[in-house]
Amino acid sequence: MSVTIDWLAFAEVFVAALLAALLVVGFYAIGLRLLVRAGRVPVVVPAAFTDAITVISPKEAKRAAKAAEKAARKSPLTEGQKRLAFAGAVASFGMSGVAVLAGLVLIVIGL
């Protein structure tokens with residue numbers, strides 16, 4: 001019994017997976033960067049977990065939210081530039097989602 005590997009198909013799948021990962025992560029990173037430039041720093045309140053996971057204290061969460069507000073106030077952009085950066089962030093997050101959905105469609109349909 002011998003096993004043969006279709007190296008061309010392997011290379012195609014490898015390149016497609018690499019490009020998809022780069023697109024999703026790249027668009028998401030650009031979206032986060034534009035969101036911060038727009039003065040809308042995302043602050044995530046930690047969830048209550050069991051003792052298996054250590055989370056930050058409420059005091060640390062309040063300090064992080066205060067630092068985010070301060071950073072948003074210090075933005076050198078005009079209001080128009082902030083709106084444009086926010087629109088770019090939304091578009092970038094949308095492109096990231098489209099890349100994920102396109103991958104799922106390719107998996108389901110099997111093109």
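Arg 73 counts as exposed because its relative accessibility is 61%; exposed means over 50% relative accessible area, buried under 20% and partly exposed in between (1.4 Å probe, protein chains only). The model is predicted, so local features need pLDDT of at least 70 and side-chain atom pairs pLDDT 80 or more, while totals for chains, interfaces and linings use all residues. Residues are numbered from 1 along each chain as its sequence is written, and side-chain values use heavy atoms, without hydrogens or water.

Helices (H or I, at least four residues) and strands (E, at least two) are DSSP runs, numbered from the N terminus.

Of the 111 residues, 11% are buried. The chain exposes about 9,000 Å², with 71% supplied by carbon and sulfur atoms. These areas come from the Shrake-Rupley method with a 1.4 Å probe; for residues, only the protein chains shown count as cover.

Arg 73 lies in helix H2 (residues 58-73). Together with Lys 62, Lys 66, Lys 70 and Lys 74, Arg 73 forms a positive surface patch. Patch residues have over 30% relative accessible area and no salt bridge; like charges are joined within 9 Å, nonpolar side chains (Val, Leu, Ile, Met, Phe, Trp, Tyr) within 5 Å. A salt bridge puts a side-chain nitrogen of Lys or Arg within 4 Å of a carboxyl oxygen of Asp or Glu.

A nonpolar surface patch covers about 1,000 Å². Its members include Trp 7, Phe 10, Phe 14 and Val 15. Val 15 belongs to helix H1 (residues 7-37). Val 15 counts as partly exposed because its relative accessibility is 43%.

Methods:
Lys and Arg count as positive and Asp and Glu as negative; His and the chain ends are not counted. The place of a charge is taken as NZ of Lys, CZ of Arg, CG of Asp or CD of Glu.
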